[in-house]
Every structure is written in C-alpha cells, then in structure tokens.
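Welcome! Take a moment to look over the sequence and the structure before we talk them through.

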Amino acid sequence: MLASSCATTPITGTRTFNLFSPADDVELGREAYGQILAGERVVTSGKELQMVQRVMKRLVAVADDAGYEWEVTLIDNDQTVNAFALPGGKMAVYTGILPVCQSEAGLAVVMGHEIGHVVAQDGTERVTRSMIAEFGLEAATQYLDLGEYKSIAESSYGLLVEMPFGRADESEADHIGLIYMARAGYDPREAVAFWSRMAQVTGNGPPEFLSTHPSHETRIERLQALMPEAMEVYQASAGR
Ligand SMILES: [Zn+2]
C-alpha cells in the first residue's frame, strides 16, 4: 500500500509522498470542480473561449498523462487575475488574466503552469499532509479506500483553491509548464515576458497568480536558467 504512495514527478524527477493515485485525483477533482463552478458565471462561446480550449488541447497533447480527465472552463470575471487547476486535470481560467497573457503563448504560460501542478499532483500532496495530520496515516488511508471524495472535496476547498502553493511547488510547476509549452510549439521566452507583466499587476485577487512565492525576481531568474533546455525542446518541436 505505502510502496505505491511514492510518486515521481514528470520532467523534474522529484519524489513525493501522496496517498492519492492519479485515478483518485480524477475522482476528487471531478467532485470539487462541480462544487466550485456552481457559483461562477461561465463563458459558453466566443473567440476567447476558443483560444483557451485550443491552448489546452495543444498542451495536454504533449503532457505526461497518467489517465487524467482534462477539461478547461473560462470564468467570466474580469476582476480576477487568476487561474487554477484541480487534481486530475480540471482547470479554470478567469477572463481577468487574459489581458496579462496578451497572446496565445502568454496563455500557454499560465495553463502550462497549471498542468504542471496537475502532473506533479500538488493538490492531493497537500490534502494528503492535511489528512494525515488530522486523522493519522491509517485512518486517512481507509478514508480514501472508501472513496469519500465528496466529503474530502468539501473539506479541502481552501487547500485546493484558496491557499497559494509553496515555493518549491510553484518553481516545479513553472519548470514543467515551460517544457510543455515548448513541446507544444509555444515560444518559452514568453514565460519571462508574462511573469514580468504579472509583476506589474497589483491587487487582492485569489492568490495563485498573485502569490509572492517565489518572488518575481527569483521566478524569472530560474526561468532564464531553464531557458537553454526549453529552447532546445522548442526548436525540436518547430522542426517536426
Ligand atoms: Zn502555481
């Protein structure tokens, strides 16, 4: 049981402890997605939605996929400069982040980063820690074996959507997103441009994209350090 609880993150090779399998992530994400979107106004047609769906399709075609159920929703909310992904592949982009993206490649930075959180299973890694702290390892494992996804989703809303990820998870999602966007044929240099624009945006929206972890300067330095690797992937994708 516990032997299967160690997962290796694609691209970065980081080892993590997670009670949730990718299939558990899909179940939990499906529950949480319905609960969260119930209170939102959703965009159902138009050029922006088509762009969001096109970027999603190109990115998931090149992502490391452990059987995830990819889906993206564009939420009609110009005040919210944010996007999030739930465990298992369900994602939401707020219209308020589109002006910062400026282009399809800019949007690929955001969505690639979110896909990075999904394939690293960052959401359920955090839920795992919280469940073990609250119930202990044995009870947490049983809880999951019983398939209590609905109640886990209800009690994990803050962990999955409201609280920013830590610095290590953010840097890892940046790295994975950078490589995926390059694989999908989007210029990875746009990631540096996007985060520079993001640094200009101030406000008090939900934290994921306004979080200070890592600081914008650190984030951009790390992305630049990864750029030679990403450019090789990008040039190979352009030659296909
Ligand atoms: Zn993030």
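User: Hello! What kind of model is this, and how are residues numbered?

Analyst: This is a predicted model, in which local features need pLDDT of at least 70, side-chain atom pairs count only at pLDDT 80 or more, and totals for chains, interfaces and linings use all residues. Residues are numbered from 1 along each chain as its sequence is written.

User: In what order do the three strands of the open sheet lie?

Analyst: Strands here are DSSP runs (E, at least two residues) and helices are runs of H or I with at least four, numbered from the N terminus. Two strands pair if DSSP finds at least two bridges between them. Five bridges join β3 (residues 71-75) to β5 in parallel, while β4 (residues 83-85) and β5 pair antiparallel over three bridges. The pairing is mixed, and the order is β3-β5-β4.

User: Which strands stand at the edges of that sheet?

Analyst: An edge strand has a single partner strand, so one side of it is left without a neighbour in the sheet. The strands at the edges are β3 and β4.

User: Which residue of β5 is the bridge partner of isoleucine 75?

Analyst: Elsewhere in β5, lysine 90 is the bridge partner of glutamate 71, and alanine 92 is that of phenylalanine 84. For isoleucine 75, the partner in β5 is tyrosine 94.

User: Is methionine 111 buried or exposed?

Analyst: Methionine 111 lies in helix α4. Its contacts, with C-beta atoms placed from the backbone and within 7 Å, include Met91 and Val93, leaving out residues up to four places away in sequence. Because methionine 111 has 27 C-beta neighbours inside 10 Å, it counts as buried.

User: How are α9 and α11 oriented to each other?

Analyst: Axes are lines fitted to C-alpha atoms, for helices over the stretch in contact, and angles run from 0 to 180 degrees between N-to-C directions. Helix α9 (residues 167-183) and helix α11 (residues 216-238) have axes 8 Å apart, at an angle of about 25 degrees. Angles under 35 degrees count as roughly parallel, over 145 as roughly antiparallel, 65 to 115 as roughly perpendicular and the rest as oblique. α9 and α11 are therefore roughly parallel.

User: And how are α4 and α10 oriented to each other?

Analyst: The axes of helix α4 (residues 104-119) and helix α10 (residues 190-200) come within 9 Å and cross at roughly 80 degrees. That makes the two helices, α4 and α10, roughly perpendicular.

Technical notes
A residue is buried if 20 or more other C-beta atoms lie within 10 Å of its own, exposed if 12 or fewer, and partly exposed in between; C-beta atoms are placed from the backbone. Two residues are in contact if their C-beta atoms, placed from the backbone, lie within 7 Å.
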